[in-house]
Amino acid sequence: MRLVWTVMFALASSAAFAASPEDDYIAARDKAIADIAAMESTNAPVETLDAANEKARADLEKRLSALLGPFTVKDFPAAGTINIESLSSSDVGFGMLDGLRHGTEDGPSIVASTRGLVERWLQSRAAETDADLKLPTSFDAALKLDAFYTQAIGSDAAFTSTLDFALKKPDGADMAIARLGGWAQDIGPNSDQEVVVTVVKGNSVLIAEAPATPPVPKIAACDAAWTAADAAAQKLAKQATDDSDENTSDAANAAWTKGDNDFRACMGKSLPDTPAYPALLAQAQALADHMAGK
């Protein structure tokens with residue numbers, strides 16, 4: 001009898017400590033990153049590194065597909081591609097959120113992940129020493145930050161928000177957040193605005209982005225505020241060039257940053273009163289509803 005209980009205890013312990021599918025995926029991802037880093041340290045040819053990177057990403061894509069299960073959001077392709085663009089820390093697209101992207105980068109797309117993978121990813125970002133990369137571990141807090149979207153689903157550009165939509169949480173969803181904003185490498189007015197919607201339902205996390213429809217209209221008062229700020233900043237920048245004055249250069253950058261912030265604040269305040277706003281809100285709501293299964 002003692003032997004029977006010993007065997008049963010061993011089996012129970014083994015099951016309790018068995019790696020989860022997420023554990024297996026993370027272990028495989030970290031090994032691939034380490035392997036590629038080791039190859040880079042030996043100055044392996046670029047072609048060899050690219051081949052290793054693509055092979056590892058394909059393997060991780062299969063693991064994620066099995067982990068996430070079927071994807072059935074209306075109007076989006078069922079098959080997804082891995083969201084992480086590179087497993088080399090020296091490449092753009094390294095360290096993006098673990099998940100599958102359904103759709104295209106230029107058109108509507110949804111990145112599918114799990115609450116567990118997002119929480120692990122946030123923990124890794126919370127440990128960052130670079131203040132620009134550091135994120136809170138709190139799920140709710142992170143989803144309200146532009147830096148989350150920049151690092152999670154962007155690669156070579158930064159996300160800046162214009163406004164948050166007053167979204168009705170779809171039935172069955174635990175959380176739904178919708179934002180209007182855009183990705184760009186420079187500050188200033190960005191006409192390529194997108195509706196970005198995040199829906200959390202159970203263990204599922206879906207982050208959608210789609211070009212704003214209709215396009216976000218220009219608002220004369222906001223454009224005028226930016227033009228004035230840009231002119232003042234350029235004057236300071238020219239003075240810095242003429243005088244080689246670093247402090248003046250810093251002042252120019254600060255003026256551009258303030259002008260950008262003021263422009264987006266103006267847009268966020270003014271857009272709800274434009275004829276385009278109800279359609280933009282409806283687009284965000286429809287995305288959220290489809291992601292929640294309606």
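Seven strands make up an open sheet here, in the order β1-β2-β3-β7-β6-β5-β4 with antiparallel pairing. Strands are DSSP runs of E with at least two residues, helices are runs of H or I with at least four, and both are numbered from the N terminus; two strands pair if DSSP finds at least two bridges between them. At the edges stand β1 (81-82) and β4 (158-164), each with a single partner strand, so one side of each has no neighbour in the sheet. Four bridges join β2 (residues 100-103) to β3 (residues 109-114), and Gly103 stands opposite Ser109 in β3.

A note on the source: this is a predicted model, where local features need pLDDT of at least 70, side-chain atom pairs count only at pLDDT 80 or more, and totals for chains, interfaces and linings use all residues. Residues are numbered from 1 along each chain as its sequence is written, and side-chain values use heavy atoms, with hydrogens and water left out.

Now for the rings. The whole structure holds five aromatic pairs (ring centres of Phe, Tyr or Trp, the latter by its six-membered ring, within 6.5 Å; planes under 30 degrees apart are stacked, over 60 edge-to-face, the rest tilted).

Tyr149 lies in helix α6 and Phe159 in strand β4, so their pair ties together parts ten residues apart in sequence.
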